[in-house]
Amino acid sequence: WKPRLGRETDARAIPPEVDWLRTAVHTAKGCYRGQETIARVLNLGRPPRRLTYLQLDGSRGDLPAPGTPIEVGGRQVGVITSSARHADEGPIALALLARTVPIGTVFNIDGVAAAQEEIVPVHGKSSVSPQTRPGADLSREAGQRGGSTGFGGLGSALGAR
C-alpha cells in the first residue's frame, strides 16, 4: 500500500490521490508549493483519482504490466501502476482509478478478474481531514455588503461606505 514516486505517480499526481496526506504532507506548515490544491482536497475531498489495491484472480500465470489500462464499459477509468505476487495473497496490483469508480466494481484486465480494496476512499477525504469544512459555520449574509458590519476592523470601515 506504499506508493512509490515515479511508479504510482505521474506528472499530474497530487498527494491526496496516493494517500500521502497522512505521511508526507505537513498540513500545519506555512506556505509551500501546491498549498491551495492540498488545502482544497484536504477540506473538501474529491481528488480526481485515487490509489486502490487490486486482488487479482490467480488462475493465469502472468501479471498485468504497469501501464495496462483498466476499462469499464469500453471507457478507460484507470491504469495499473505496479503488480507482484504476494506470498499469502497471490497476485496483487496497485492502480490509479478515477474517483467515481465504485468500490464494488470488479474489473476484467486482459482476461484477469480484479477486485478492489480501498486505500484512498471514494469520497477522497483523508484521515487527517477536518470533520466539517472550515468556515461552514459562517453565514453567507455576514460577508455581504450592507448586511452587517463586516468581519473585523477593516471590514466595518468598508461596509460603512
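How many of the 9 residues of β4 are buried? The count is 8, so β4 is mostly covered, where buried means under 20% relative accessible area, exposed means over 50% and partly exposed lies in between, with a 1.4 Å probe and protein chains only.

Some ground rules before going on. This is a predicted model, in which local features need pLDDT of at least 70 and side-chain atom pairs count only at pLDDT 80 or more, whereas totals for chains, interfaces and linings use all residues. Residues are numbered from 1 along each chain as its sequence is written, and side-chain values use heavy atoms, with hydrogens and water left out.

On confidence: pLDDT is the predictor's confidence in each residue, from 0 to 100. The protein chain averages 75, and 63% of the residues score at least 70. Among the elements, strand β2, residues 69-72, has the highest mean pLDDT, 92, and helix α2, residues 153-159, has the lowest, 51. Where pLDDT is low, the predicted coordinates should not be read in detail.

Now the layout. The protein chain has 2 helices and 6 strands; these are DSSP runs numbered from the N terminus, H or I of at least four residues for helices and E of at least two for strands. Along the sequence the pattern reads α-β-β-β-β-β-β-α. Of the 161 residues in the chain, 32% are buried. Taking contacts, meaning heavy atoms within 4.5 Å, between residues at least 6 apart in sequence, 60% join residues at least 24 apart.

The 6 strands make an open sheet in the order β2-β3-β4-β1-β6-β5, with antiparallel pairing. Two strands count as paired if DSSP finds at least two bridges between them. Which strands are at the edges? They are β2 and β5, each of which pairs on one side only. Neighbouring strands of this sheet are turned by 40° against each other on average, with direction ignored; the axes are lines fitted to C-alpha atoms, for helices over the stretch in contact, and angles run from 0 to 180 degrees between N-to-C directions.

β2 and β3 pair over 4 bridges, with Ile70 opposite Gly78 in β3. They form a hairpin with 2 residues between them, and Gly73 in that turn has a positive phi of about 60°. β3 and β4 are joined by 8 bridges, and here Ile80 stands opposite Ala95. This pair is also a hairpin, with 3 residues between the strands. Next, β1 and β4 share 7 bridges, and Arg49 faces Ala98 in β4. β1 is joined to β6 by 5 bridges, with Leu54 opposite Gln116.

What about the packing? A nonpolar core here is a set of buried Ala, Val, Leu, Ile, Met, Phe, Trp, Tyr and Cys residues joined through side-chain atoms within 4.5 Å. The largest has 14 residues, and Leu54, Leu56, Ile70, Ile80, Phe107, Ile109 and Ala114 touch the most other members. β1 (49-56), β3 (75-86), β4 (90-98), β5 and β6 each supply at least two residues of this core. β4 gives the largest share, 4 residues. Another core, of 8 residues, lies apart from it and includes Val18, Leu51, Leu96 and Ile119. In a regular strand the side chains alternate between the two faces of the sheet.

Thr52, in strand β1, is buried at 0% relative accessibility. Its side chain reaches the backbone oxygen of Glu117 at 3.2 Å. Leaving aside neighbours within four places in sequence, Thr52 is in contact with Ala93, Leu94, Ala95, Leu97, Gln116, Glu117 and Ile119.

Is Arg12, by contrast, buried or exposed? Arg12 has 61% relative accessibility and therefore counts as exposed. Arg12 lies in the segment before α1 (35-44) and touches Glu17 and Arg49, not counting residues up to four places away in sequence.

Last, Asp110 sits in the loop between β5 (106-109) and β6 (112-118). Asp110 has a positive phi of about 50° although it is not a glycine, and it is exposed, with a relative accessible area of 57%.

Conventions
A polar contact is a pair of N or O atoms within 3.5 Å; within protein, one must be able to donate a hydrogen and the other to accept it, and residues adjacent in sequence count only if both atoms are side-chain atoms.
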